[in-house]
Amino acid sequence: MISLTETWRESVDNKGAFGALLTDLSKAFDCVNHDLLIAKLHGHGVDLPSIKLIHSYLSNRKQRVRINNTYSSWKYVSSGVPQGSILGPLLFNIYMRDLFYFSNHWLIANYADDTTPYVTAKDIPGVVNSLEDCAKVLFHWFEINEMKANSEKSHLLLSTEKEHQANINENIITNTQNEKLLGVIIDSKLRFNQHVNQLCIKASQKLNALARMSLYMTFLQRGNIMKSFILSQFSHCPLIWMFCSRNLNSRINRVHERALRLVYKDYNSSFSSLLEKDSSVSIHDRNLQILVTEVYKVKHNQSQNVLQRSLRNTESNYNLRRNTLFAGRNIRTQHFGLDSLSYLGPKLWEQVPEDMKSLLSLKTFKDKIKSWKPDKCPCRLCKLFVKNLGFL
């Protein structure tokens, strides 16, 4: 998700366009061909004893159907990987792995059976053409690997509000303005307003339940409920949607403030005082801490390749006064340039105290960073907004 959104932000910031094709697979885990999986394992270099063991693990499995107290006869399972185990998803990922060898001119955001090819180009027609070419390769791969792809259920997301159509596997698909991918509602402008609004609604509903039951709970129980069911709503992919509007950020703070008031039974203190009492920070400040933690992991080579590509290291043989750890890029816009992890991450890292930067343990760094707040955060949400003047 980070690779996808950061690639899109950089493209639009450079006056380009982006698009993605959200594909749909029916019963993907049940369609894995056992013989083909074994052949792929052999092609990836798995030795013969291990292949025999996995073949034995997959073979001679039976299943039947129960309706009330009536059972069907037992049938052998000729395809699919066992679900509910650690090995099942691993074998499925190996089965899908060679798909990426065919993506020469486009990228894929993939998590298990959720496969989303995405591209960038100079304009929307170029994006649509690339996605159509991508779809031909993608659906052909699904067919020869015995995966059941529903092209008519595919969705098209483009960086425009105008309607465009694409021919996807002989089905005409029109782009939409919002699509849900891996639990995040992505819109064509990367504002994430609908997604954050949904998070606030879910958190408010659980907050109302806490308000009704708070009289019968201890302080510890109220605190655990707040963290587990309310604040946790904002813990999924925060680096993706953290650059939401100021109004929605204020709404998140109001939900957080009300939760703290219920937990501490304090209806007079300010939001900042409640945060001090709770020894915590706002959701946005927590997101900034998460971003700085990811920068730390990049610096110490403990991060995924995705963030290492976004946060490019600088290499200098000279000890200059303005030496920085990460290379910047030219920024042209506020939303797609300044509101990007590749820009904000290095800026925030410069404000982290040197004693924290030099820590060798990731666990220790995470513990220390919980008490850190940037003095002058460069992000849009932390800047003072004055009417008719803008952000100061």
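Lys and Arg are counted here as positive and Asp and Glu as negative, while His and the chain ends are not counted; each charge is placed at NZ of Lys, CZ of Arg, CG of Asp or CD of Glu.

View 1. The mean positions of the 51 positive and 34 negative charges of the chain lie 7 Å apart. Because this is a predicted model, local features need pLDDT of at least 70 and side-chain atom pairs count only at pLDDT 80 or more, whereas totals for chains, interfaces and linings use all residues. Residues are numbered from 1 along each chain as its sequence is written, and side-chain values use heavy atoms, with hydrogens and water left out.

**View 2. The open sheet of six strands.** With mixed pairing, the strands follow the order β7-β8-β1-β10-β12-β11; strands are DSSP runs of E with at least two residues, helices runs of H or I with at least four, both numbered from the N terminus, and two strands pair if DSSP finds at least two bridges between them. β7 (107-111) and β11 (165-168) stand at the edges with a single partner strand each, so one side of each is left without a neighbour in the sheet. From one strand to the next, the twist averages 30°, with angles running from 0 to 180 degrees between N-to-C directions of axes, which are lines fitted to C-alpha atoms, for helices over the stretch in contact.

**View 3. Strands β1 and β10, with helix α1.** Strand β1 (residues 17-22) and strand β10 (residues 155-158) run antiparallel and are joined by four bridges; in β10, Leu158 is the bridge partner of Gly19. Helix α1 (residues 2-13) packs on the sheet and touches β1, β7, β8 (114-121) and β10, contact meaning heavy atoms within 4.5 Å. The direction of helix α1 makes about 15° with that of β8.
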